[in-house]
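Here is a colleague's note on the model below. Please read it with the structure open.

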Protein chains: 10
Amino acid sequence: MSSAFSSFSAVSDKLFQAKAQKGLTFDDIAKAIGRDEIWVAAAFYGQAKPDAEELAKLSEVLGLSPLQNDVSAQWWPMRGDLGPMPPTDPVIYRLYEGVMVYGHAIKAIIHEKFGDGIMSMINCKVTVEKKPDPAGDRVVLTFDGKYLPYSKW
Amino acid sequence: MSSAFSSFSAVSDKLFQAKAQKGLTFDDIAKAIGRDEIWVAAAFYGQAKPDAEELAKLSEVLGLSPLQNDVSAQWWPMRGDLGPMPPTDPVIYRLYEGVMVYGHAIKAIIHEKFGDGIMSMINCKVTVEKKPDPAGDRVVLTFDGKYLPYSKW
Amino acid sequence: MSSAFSSFSAVSDKLFQAKAQKGLTFDDIAKAIGRDEIWVAAAFYGQAKPDAEELAKLSEVLGLSPLQNDVSAQWWPMRGDLGPMPPTDPVIYRLYEGVMVYGHAIKAIIHEKFGDGIMSMINCKVTVEKKPDPAGDRVVLTFDGKYLPYSKW
Amino acid sequence: MSSAFSSFSAVSDKLFQAKAQKGLTFDDIAKAIGRDEIWVAAAFYGQAKPDAEELAKLSEVLGLSPLQNDVSAQWWPMRGDLGPMPPTDPVIYRLYEGVMVYGHAIKAIIHEKFGDGIMSMINCKVTVEKKPDPAGDRVVLTFDGKYLPYSKW
Amino acid sequence: MSSAFSSFSAVSDKLFQAKAQKGLTFDDIAKAIGRDEIWVAAAFYGQAKPDAEELAKLSEVLGLSPLQNDVSAQWWPMRGDLGPMPPTDPVIYRLYEGVMVYGHAIKAIIHEKFGDGIMSMINCKVTVEKKPDPAGDRVVLTFDGKYLPYSKW
Amino acid sequence: MSSAFSSFSAVSDKLFQAKAQKGLTFDDIAKAIGRDEIWVAAAFYGQAKPDAEELAKLSEVLGLSPLQNDVSAQWWPMRGDLGPMPPTDPVIYRLYEGVMVYGHAIKAIIHEKFGDGIMSMINCKVTVEKKPDPAGDRVVLTFDGKYLPYSKW
Amino acid sequence: MSSAFSSFSAVSDKLFQAKAQKGLTFDDIAKAIGRDEIWVAAAFYGQAKPDAEELAKLSEVLGLSPLQNDVSAQWWPMRGDLGPMPPTDPVIYRLYEGVMVYGHAIKAIIHEKFGDGIMSMINCKVTVEKKPDPAGDRVVLTFDGKYLPYSKW
Amino acid sequence: MSSAFSSFSAVSDKLFQAKAQKGLTFDDIAKAIGRDEIWVAAAFYGQAKPDAEELAKLSEVLGLSPLQNDVSAQWWPMRGDLGPMPPTDPVIYRLYEGVMVYGHAIKAIIHEKFGDGIMSMINCKVTVEKKPDPAGDRVVLTFDGKYLPYSKW
Amino acid sequence: MSSAFSSFSAVSDKLFQAKAQKGLTFDDIAKAIGRDEIWVAAAFYGQAKPDAEELAKLSEVLGLSPLQNDVSAQWWPMRGDLGPMPPTDPVIYRLYEGVMVYGHAIKAIIHEKFGDGIMSMINCKVTVEKKPDPAGDRVVLTFDGKYLPYSKW
Amino acid sequence: MSSAFSSFSAVSDKLFQAKAQKGLTFDDIAKAIGRDEIWVAAAFYGQAKPDAEELAKLSEVLGLSPLQNDVSAQWWPMRGDLGPMPPTDPVIYRLYEGVMVYGHAIKAIIHEKFGDGIMSMINCKVTVEKKPDPAGDRVVLTFDGKYLPYSKW
């Protein structure tokens with residue numbers, strides 16, 4: 001997909017380079033712009049769309065010329081096309097395996113608790129927390145999404 | 001895959017029929033056998049393996065002849081093959097979309113917080129909670145998995 | 001997918017047979033149960049979930065024993081798995097071609113008119129109208145779906 | 001696909017850049033050249049073919065040198081190859097999901113209302129309207145296509 | 001696809017058995033019902049839809065009970081799903097190879113002779129003729145389809 | 001596929017550019033070199049191999065330096081890899097749909113008229129004619145291929 | 001593919017059972033009917049079409065009721081659909097690997113020795129010989145196919 | 001795959017260019033270096049690995065600077081990834097069709113003649129011969145591979 | 001694949017049932033017939049071919065009627081087609097992930113230690129050992145395969 | 001995947017070039033940095049992540065400027081995407097074939113020896129040894145991975 005369709009992803013390299021040279025974590029950046037680290041990482045990968053104010057703050061914390069004045073700020077994300085599916089990277093594959101193994105169970109419980117509808121992945125917040133555990137630390141990954149019932153007409 | 005390879009899935013129909021006729025929810029059954037509703041639903045779909053004691057309790061709460069004495073209790077689950085990928089059902093597709101859209105961000109944060117490793121989907125607990133919200137109730141889906149660092153040798 | 005997972009689709013044959021023997025159109029049935037013909041057709045294909053009252057009316061108009069008392073009434077639809085994608089049937093392929101050819105244009109206009117979000121296919125109504133035209137009648141197909149903005153967090 | 005096969009797409013970048021720098025919407029451009037915004041957006045993505053007069057107007061409104069004199073004006077669109085199918089972008093995926101979930105119902109109603117034939121995606125007009133709604137604005141997407149009956153011979 | 005969706009294909013076996021037992025060619029049947037042999041063969045494979053009169057004639061020439069009174073006569077063909085694509089059978093693969101090797105050339109000539117549009121495969125007649133040739137007989141396969149120009153709006 | 005494997009396709013751009021600048025149709029070029037327009041278009045797309053004499057004539061009519069002296073004249077076409085299958089372009093898709101819908105019928109008639117063998121796509125001529133029709137002009141596409149019976153041994 | 005399309009494959013089981021019970025090799029059968037063992041094995045798998053005389057001999061050597069009087073004798077093979085591609089069985093995969101690794105080299109040599117054309121797989125004989133070798137016996141697999149030059153027109 | 005993984009294929013272009021400019025056939029080159037033409041063609045495509053002596057001879061006959069001193073001489077071939085499978089080029093497709101149509105017959109005869117094992121494609125020689133025939137010349141393609149029995153343990 | 005092609009897999013169910021009813025492990029069976037447990041498990045899944053003597057011992061230890069007298073003893077395994085690839089079951093997927101992640105490294109070391117050739121999967125023994133470890137027991141999986149150098153000719 | 005996502009793979013070329021020019025084996029490098037040759041090869045291919053100390057040693061033994069000071073040292077590997085699956089290279093394909101043919105047997109034995117769980121491919125060491133054998137040297141490939149039992153909750 002050429003830059004005509006989604007020029008924001010064209011600035012991803014610039015963002016990742018600046019982050020690495022400044023030695024910042026996503027959490028550092030998230031605190032500086034008033035958002036969560038997962039949302040910020042998603043924006044770096046072109047999967048979320050910062051507005052002009054957020055671009056201004058990003059530019060400042062990363063020491064870049066103002067991104068909000070860039071033509072790229074006018075385009076919209078093409079989401080979801082970062083790599084192959086099934087994922088080949090083991091970290092991402094485990095999430096995919098979670099959908100395969102527990103997807104039907106999750107669907108069944110959503111229906112039992114809410115009825116005939118879905119959990120929105122648009123009106124949804126995603127967080128990752130580190131939970132210390134003597135038997136080995138744990139990753140707590142949470143999707144908090146709005147329930148949407150199916151229309152009838 | 002014939003019954004030779006995974007005869008437990010052959011009892012899925014029996015379990016689902018009994019549950020429907022008794023009018024029980026997964027939560028009802030989970031409480032009766034001392035497990036969580038998602039794990040119980042996964043077991044119904046052949047994605048988790050109940051032991052003899054759990055089979056005994058399942059048989060009791062569902063009014064079935066003792067499943068633990070069944071030959072099927074000797075086989076192991078073939079996990080992950082319940083339906084097509086990408087999923088065509090909208091509920092399950094939204095989870096898959098979550099992996100596509102937020103997978104790289106989740107990976108980045110896991111690495112920043114933990115190092116070079118993965119979140120286990122084997123040593124992992126999955127829960128679904130209903131969070132009331134005046135703007136529309138929300139689904140809170142949580143994966144709580146152990147962090148596993150990559151070996152070097 | 002066995003009947004354990006979605007027994008409603010198991011009654012599809014019964015519904016289609018009864019409809020053919022009675023010589024009813026979907027519009028006839030839709031009027032009898034107080035819904036639109038597309039929604040009714042979707043329910044026949046297992047893509048929409050009638051409630052107990054709708055099942056009672058369906059049973060009546062089609063001369064079937066009460067479907068609402070059936071165990072099948074307790075399951076949830078597995079949507080979207082009726083045939084191959086890309087579709088091989090020319091009628092359905094034309095809709096798929098519409099997504100390929102006009103999808104990016106539709107996305108661009110939704111973003112320009114609404115912002116960074118999507119048109120819901122859950123909170124959505126679908127209708128098909130016949131528009132007489134001397135140069136050949138026209139099919140007017142409409143999707144009327146709620147706009148959902150992307151969350152930030 | 002190299003420029004030999006479809007050089008119009010090679011001007012897409014130029015068109016998108018000019019539109020962004022002028023700060024125009026597709027509707028602004030559509031009004032200037034006497035066409036609908038969806039058709040104009042489709043042309044920007046190389047999915048519709050403007051004639052010489054339309055290229056002249058496009059050049060004028062966007063401040064570009066006359067596109068109608070360009071060699072690119074002699075080629076024909078290669079339609080439909082803008083991104084992966086199933087679509088990974090959530091906006092376009094929802095349209096695709098609409099085909100999967102409602103495609104058979106739409107086919108059934110077209111047959112009942114028209115007979116054995118299809119809705120043309122060639123002789124077809126596509127529009128997107130914004131319908132204000134207190135419960136959240138709605139997107140109204142319409143396909144208006146000619147009915148074509150199957151030949152017999 | 002179960003019989004709910006396209007019961008005509010369910011009578012294909014009956015048609016093929018009767019044809020074999022009567023020792024008739026498609027051309028014999030075509031002459032008896034007043035259609036071309038390719039169209040008749042397509043109908044046998046469920047790819048064309050005979051009307052009540054044609055079903056009556058088919059029943060007569062094949063010695064079958066009246067097909068037009070059958071419930072199956074109320075459904076519509078699901079076209080295009082007879083076998084794998086790419087085709088594995090060499091006869092059908094050669095046609096597919098023709099599309100791969102000559103498709104772009106055919107597209108280019110259609111555009112040069114007609115403009116921006118397509119050749120309809122709905123309003124289209126297909127014939128196969130045997131052309132004797134001392135160097136080996138030849139198959140002459142012809143598609144005669146209506147030209148459809150693209151809409152603008 | 002790099003230029004090592006099929007450098008003729010490397011001259012396609014040059015041919016298409018020259019044709020566009022001269023304002024010639026494929027038929028103009030075909031008449032100048034003594035071949036049919038479909039064959040010439042196939043050669044432009046690298047799907048047919050012109051010999052030295054044909055390259056000399058092509059060079060002359062297009063005003064190019066002698067292609068027959070080019071190293072590229074020594075390689076052989078890699079046929080069939082111009083675009084995705086199923087085709088996404090609607091013109092080429094209609095041909096593909098023809099194979100899906102009528103392929104089995106064509107196979108059946110070839111067998112009935114000729115026996116157990118195939119229609120060659122190597123010893124085959126392809127033509128496209130415009131047939132004026134008051135109800136809309138028609139495209140007549142013909143494949144004229146040698147019948148090849150299967151060997152026994 | 002149901003028996004309507006290729007009933008010969010329906011007799012494959014009968015042929016294989018009879019061969020096993022008689023304890024015959026393909027070579028035994030080949031000698032009895034006057035054909036080569038590879039061709040006979042291909043016929044058993046439905047990949048070659050025996051005529052009435054060959055069916056009579058097959059019936060005799062295998063002790064079956066006369067196959068030539070069977071309705072199945074009127075259908076035509078659907079070739080090439082015996083298993084997945086890429087093959088998963090190691091014996092067949094090695095042949096496939098041969099095409100991947102040596103296919104371009106074979107193509108290059110065919111072109112250098114014959115010109116722009118192909119080796120026919122229709123007018124082709126296939127044999128397998130055992131060549132004793134002290135370092136381990138060798139399989140000699142030979143394809144002897146007619147060269148077919150590409151048409152020009 | 002970048003040059004890091006298999007830099008020999010990076011010299012393919014150089015080899016093909018030199019061969020074309022010298023006007024040599026693969027057989028000319030094969031005789032000069034003491035190998036068979038198919039093996040030499042395979043080496044040109046990066047599917048076989050010449051040793052230092054063979055590289056020296058290749059350099060000499062093609063008039064290139066000594067390839068054996070090149071860093072590229074230290075890498076190993078990545079075999080089998082030259083083009084799509086199924087092949088789209090008709091010459092290579094016919095070989096693939098041979099595997100589909102005759103693969104099971106070849107497997108059956110190998111087992112009958114040798115037992116439970118395979119024909120090696122590693123310890124294998126491939127040749128192409130031209131066999132003159134008044135009815136049209138024939139291509140004789142031979143695979144001569146070692147039989148390998150399956151281990152038991 | 002019907003029983004005509006590989007009837008041994010038809011006895012898999014019988015073997016698995018008998019093993020479960022006897023309460024035997026693969027190791028118990030392996031010791032009784034003088035083979036390794038992995039080889040025995042492979043045979044149960046139809047991936048290895050027991051000879052007459054091994055079938056006799058298997059029949060004895062499992063209490064089955066003599067399998068060696070069965071017609072099924074005359075067929076050959078169709079290997080490799082037990083489930084989808086990529087595998088969806090997590091146990092088998094981890095092996096597949098091992099090929100993806102470490103495959104190129106393994107290839108590089110095989111070439112450095114042995115030259116241009118492969119590790120045979122035909123002349124290969126596979127074992128699984130349990131290695132106790134206070135930090136958690138370990139699985140030691142070993143492939144011991146013959147090195148095969150590539151032929152030159 | 002651009003360098004933004006995994007810049008370490010961008011240094012692969014540099015590493016491979018230096019290794020070739022120094023004429024070092026992976027074992028030479030492994031000894032110099034205190035790791036195993038398979039792990040080092042995996043790191044060269046971007047499938048393992050060296051830490052700062054290992055990068056320092058790698059830089060030294062290969063004569064490169066200090067890699068540990070490079071921005072690239074801050075990114076994380078995207079594992080598993082080096083080539084197509086199924087693999088086309090015969091060396092890697094044999095490993096893949098091992099998973100297809102022996103995967104179910106390995107799974108069965110792991111379950112019998114350990115219970116319901118998996119062998120970790122994260123906490124796993126991979127080695128390749130050369131075992132001399134008069135009948136031909138053997139490759140001994142070992143995966144030594146931690147057993148992980150499935151959670152219940």
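The points below cover the basis of the model, the chain pairs and the annotated site.

1. Basis. This is a predicted model: local features need pLDDT of at least 70, side-chain atom pairs count only at pLDDT 80 or more, and totals for chains, interfaces and linings use all residues. Residues are numbered from 1 along each chain as its sequence is written, chains are lettered from A and ligands numbered from 1 in the order in which they are written, and side-chain values use heavy atoms, with hydrogens and water left out.

2. The superposition is by least squares on the C-alpha atoms of residues with pLDDT of at least 70 in both copies.

3. Chains B and A: the interface. Contact (heavy atoms within 4.5 Å) joins 68 residues of chain B to 68 residues of chain A. The interface residues of chain B are 100% interface residues in chain A too, so the copies meet through the same surface. The buried area is about 6,700 Å², and carbon and sulfur atoms give 69% of that. Buried area here is the accessible area (1.4 Å probe) that two parts lose on being put together, summed over both.

4. A salt bridge is a side-chain nitrogen of Lys or Arg within 4 Å of a carboxyl oxygen of Asp or Glu. One of them pairs A:Glu112 with B:Lys19, where the closest N and O atoms are 2.7 Å apart. Which element gives the most to the side of chain B that touches chain A? H5(B) does, with 24 residues. Helices and strands are DSSP runs numbered from the N terminus (helices H or I, at least four residues; strands E, at least two).

5. The annotated site. In an unreviewed UniProt entry, the "active site" annotation covers A:Arg94, A:Glu97 and A:Ser120. Such annotations may be inferred rather than shown by experiment; positions are given in the numbering used here, and feature names are shortened.

6. A:Arg94. This residue is found in helix H5 (residues 90-114) of chain A. Is A:Arg94 buried or exposed? A:Arg94 is buried, with a relative accessible area of 2%. Buried means under 20%, exposed over 50%, and partly exposed in between (1.4 Å probe, protein chains only). Residues up to four places away in sequence aside, A:Arg94 touches B:Ile118, B:Met119, B:Met121, I:Arg94, I:Glu97 and J:Ile122.

7. A:Glu97. Helix H5 of chain A also holds A:Glu97. A:Glu97 is buried, at a relative accessible area of 0%. Beyond its neighbours within four places in sequence, its contacts include A:Tyr102, B:Met121, B:Ile122, I:Pro90, I:Arg94 and J:Tyr150.

8. Chains D and E. Chain D can be laid on chain E by a turn of 180° and a shift of 0.0 Å along the axis, with an RMSD of 0.0 Å. The two copies are thus related as by a two-fold rotation axis. D:Ser120 comes closest to that axis among the residues of chain D, at 4.8 Å (C-alpha).

9. Pairs without contact. Chain D and chain G do not touch, and their nearest C-alpha atoms are 22 Å apart. Chain D and chain J share no contact either; their closest C-alpha atoms lie 16 Å apart.
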